[in-house]
Amino acid sequence: MLEFSSVLSDADLIEIIQMSSAEKQTAVAKRASVSGEVANALIDHGKSGAVVATLVNNPGAALRDADLEKAFAKFGSDPAVNNSLVARANLPLRISEKIVARVSESLREHLLSHKEISAEMAADLVLQARERATVGLLPPGSKSADVVDLVKQLRDNKRLTPSLILRTLCTGDLTFFEASLAVLANMTIISARVLIHDEGKLGLQSIYQRTPLPANLYPAFRVAFDVARETQYDGGENDRQRFSSRVIERVLTQFEDIGNDNLEYLMKKLKQLAA
């Protein structure tokens, strides 16, 4: 009755949610249409992750971004909830990134508890895996505002690493690169783009120097940016990976122009990206 009855109002459903068992809450979560108010009540009063996972899996549930954020905040440790969030269409980038970070932390704990591996090596492996996954979250044509929000979240949680920015640039994602420099330099995305795309060499260098990014990585960013602007996707299967390989290969061929002092450091970073 709770799943199919058309005579129950939202007020009735909310009262039932507040007083009922997980089984009855799940029945409400399965309704063909679940209003925002009822969905919010299910997240607030859900007695299990299964209730919330059922709600998130329901395409008829009117879930706002804020509701999805709350669902992850309360039940993000439940695999069923994470799986339902990942499967939901148009999941906001910032929630996807939080899921990646949560899974990465679980991987780190697993490596430390089950493998003969140092904490430093585990952290390095997890960092590379997390960064690859984060790059994969960014579909071509992502809205600038969404990318800026994602970058701010990464910065606030100390996950906006130089290697992540460089890795993303090597895939040709200029929007993420622009947003990263804008956020790190405390500038608007429009002002940042003016400097980044300056026809001369000083614009990009100027904004880069306003960020906390390592000075000895600037040559790699400069070359990767120039190459990424000139290189096009080939349109075939796995073209993003081939694009990245072409960019990194062209960056490596230009190392003789960036000074011996930076060579070893940059080679290590770029080889990590290519791995």
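Helices here are DSSP runs of H or I with at least four residues, numbered from the N terminus. With that in hand, welcome to a short tour of this predicted model. It stops at one helix pair, α2 and α4, and at two residues, asparagine 82 in helix α6 and glutamate 97 in helix α7.

**How α2 and α4 pack**

- Two packed helices are described by the angle between their axes and by the distance separating those axes.
- For helix α2 (residues 22-29) and helix α4 (residues 49-57), the angle is about 5 degrees and the axes are 8 Å apart.
- Angles under 35 degrees count as roughly parallel, and α2 and α4 are therefore roughly parallel to each other.
- On the α2 side of the contact you will find Ala22, Gln25, Thr26 and Ala29, which meet Val51, Thr54 and Leu55 of α4.
- Sorted by type, the residues of this contact are four nonpolar, three polar and no charged.

**How α2 sits in the structure**

- Six of the eight residues of α2 are buried, so the helix is largely enclosed by the rest of the structure.
- The buried residues in α2 are Ala22, Gln25, Thr26, Ala27, Val28 and Ala29.
- Their cover includes α1 (10-19), α3 (36-45) and α4.

**Asparagine 82**

- Asparagine 82 belongs to helix α6, which spans residues 79-87.
- Its relative accessible area is 10%, and since buried means under 20%, asparagine 82 counts as buried.
- A polar atom of the asparagine 82 side chain lies 2.8 Å from the backbone oxygen of glycine 76.
- Setting aside residues up to four places away in sequence, asparagine 82 touches Phe72, Gly76 and Ile99.

**Glutamate 97**

- Look for glutamate 97 in helix α7, which covers residues 93-114.
- Is glutamate 97 buried or exposed? Glutamate 97 is buried, with a relative accessibility of 0%.
- The side chain of glutamate 97 makes a polar contact with the side chain of glutamine 153, at 2.7 Å.
- Apart from neighbours within four places in sequence, the residues in contact with glutamate 97 are Thr134, Leu137, Leu150, Gln153, Leu154 and Arg159.
- How far apart in sequence and in space are glutamate 97 and leucine 154? The two are 57 residues apart in sequence, and their C-alpha atoms are 8.2 Å apart in space.

Definitions and conventions: Residues are numbered from 1 along each chain as its sequence is written. This is a predicted model: local features need pLDDT of at least 70, side-chain atom pairs count only at pLDDT 80 or more; totals for chains, interfaces and linings use all residues. Side-chain values use heavy atoms; hydrogens and water are left out. Axes are lines fitted to C-alpha atoms, for helices over the stretch in contact, and angles run from 0 to 180 degrees between N-to-C directions. Angles under 35 degrees count as roughly parallel, over 145 as roughly antiparallel, 65 to 115 as roughly perpendicular and the rest as oblique. Contact means heavy atoms within 4.5 Å. Ala, Val, Leu, Ile, Met, Phe, Trp, Tyr, Cys and Pro count as nonpolar, Asp, Glu, Lys and Arg as charged, and the others, Gly among them, as polar. Buried means under 20% relative accessible area, exposed over 50%, partly exposed in between (1.4 Å probe, protein chains only). A polar contact is a pair of N or O atoms within 3.5 Å; within protein, one must be able to donate a hydrogen and the other to accept it, and residues adjacent in sequence count only if both atoms are side-chain atoms.
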